[in-house]
Amino acid sequence: MVLKGKISIITGGARGIGLSIARTFAEQGSDVAICDVNPDVLETSKKELETTGRNVLAEKVDVTSMEDIQHFIQKVLDKFGKIDILINNAGITRDGLLVRMADADWDAVLNVNLKGTFNFTKAVSKPMMKQRSGKIVNVASIIGIVGNAGQANYAASKGGVIAFTKSAAKELASRNINVNAVAPGFIDTQMTVSLPENLKNDIIKQIPLGRWGSVSDVAKVALFLVSDAAAYITGQVIQVDGGMVT
Ligand code: NAI
C-alpha cells in the first residue's frame with residue numbers, strides 16, 4: 001500500500017491508460033478523482049474503482065476548459081481536503097498528412113494534449129505549493145521524441161508536453177513538487193484499436209520485446225514515479241515502449 005492516505009487526480013480516467021492508473025493507485029491505497037470529457041463510461045469506471053474499497057469521485061471535465069477544471073478541483077478539495085498526485089493523461093489523436101491537415105485538427109490536438117496539461121498543472125500547483133508537496137506525471141509519447149509521419153500535430157503536442165515537464169519540474173522543485181513524464185510506445189487501447197492489422201504487425205516487428213504494451217505496463221511506471229521510491233527523480237521522461245526507441 002505505497003499510496004495509503006494519498007489523493008490522486010487522473011485526467012481522461014474513464015478508460016484506457018488513465019483508468020488503469022486509477023485502478024493501480026486505488027489498489028495501493030489512494031482515493032482517486034477521475035475526470036473525463038466522455039460521460040458515457042464514467043459511472044461504470046467509478047463503480048469498478050470502488051470495488052477496491054477506496055473513495056472515488058468521477059466528474060465530466062473538459063481539460064481545455066479552465067472553468068471545468070476549477071470547478072472539479074474545488075470538488076476534490078471539498079471531498080478529500082488535499083491533492084497529492086496529478087496524472088495528466090487525457091489525450092486525443094487527429095492523424096493526417098500535414099499538407100492536408102485541417103487547422104481544426106491541429107488546434108484540437110494541441111489544445112487537449114498540451115494546453116490541457118498546462119491548464120491542470122497550473123490549477124493543482126497552487127494547492128500543492130501551499131502544502132509543499134506533490135507529484136505530477138504527464139503522459140507523453142515516444143512520438144513526441146522521434147516524430148511520426150501523419151502525426152505532426154500529435155508529435156508536436158507530446159514533444160511540447162516533454163519540454164513543459166522539464167520546465168515545470170525546475171519551477172516547482174523548490175516546493176517539493178516532482179514533475180515527470182512517461183512516454184509510452186504502442187499500447188493496446190481504444191486509441192490504437194482501429195489501426196489496420198498490417199500496420200499493427202509491422203509495428204510489432206520494430207519492438208525488441210516483441211509485443212504491444214498493456215495499460216498496466218504504463219500504470220506501474222506511473223506508480224513508481226509518484227511513490228517515495230522516486231523522491232529524488234524530477235524532470236525525467238521514462239519511456240515505456242518495449243525498447244522501441246533508444
Ligand atoms: P483512450 O482514448 O482510451 O483514453 C483517452 C481518454 O481521454 C478518453 O477517455 C477520452 O474521453 C479522454 N479525453 C479526451 N479528450 C479529453 C478532454 N478534452 N478532456 C478530458 N478527457 C478527455 O486512449 P489511451 O490510449 O488510454 O491514451 C491515454 C494517454 O496515453 C493519451 O494522452 C495518449 O496520447 C497517451 N498515449 C497512448 C498510447 C497508446 O498507444 N495507446 C501511446 C502513447 C501515449
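In this predicted model, in which local features require pLDDT of at least 70, side-chain atom pairs count only at pLDDT 80 or more, and totals for chains, interfaces and linings use all residues, a nitrogen atom of the ligand lies 3.3 Å from a polar backbone atom of V37, a polar contact being a pair of N or O atoms within 3.5 Å, where within protein one must be able to donate a hydrogen and the other to accept it, and residues adjacent in sequence count only if both atoms are side-chain atoms. Oxygen atoms of the ligand are found 2.8 Å from a polar backbone atom of I187 and 3.4 Å from one of G185. The protein buries 95% of the 820 Å² that the ligand exposes when taken alone (Shrake-Rupley accessible areas, 1.4 Å probe). The ligand is surrounded by 28 residues, the closest being R15, D36, N89, Y154 and T189 (a heavy atom within 4 Å). Residues are numbered from 1 along each chain as its sequence is written, and side-chain values use heavy atoms, with hydrogens and water left out.

The C-alpha atom of V37 is separated by 8.6 Å from that of E59, 22 residues away along the chain. Leaving aside residues up to four places away in sequence, E59 touches I34, C35, D36, L42, F72 and K75 (heavy atoms within 4.5 Å), and its side chain makes a polar contact of 3.1 Å with the side chain of K75.

Helix α3 comprises residues 66-80 and helix α4 residues 103-131. The contact between these helices is made by M66, I69, Q70, F72 and I73 of α3 together with N119, F120, K122, A123 and V124 of α4.

Definitions and conventions
Axes are lines fitted to C-alpha atoms, for helices over the stretch in contact, and angles run from 0 to 180 degrees between N-to-C directions. Helices (H or I, at least four residues) and strands (E, at least two) are DSSP runs, numbered from the N terminus.
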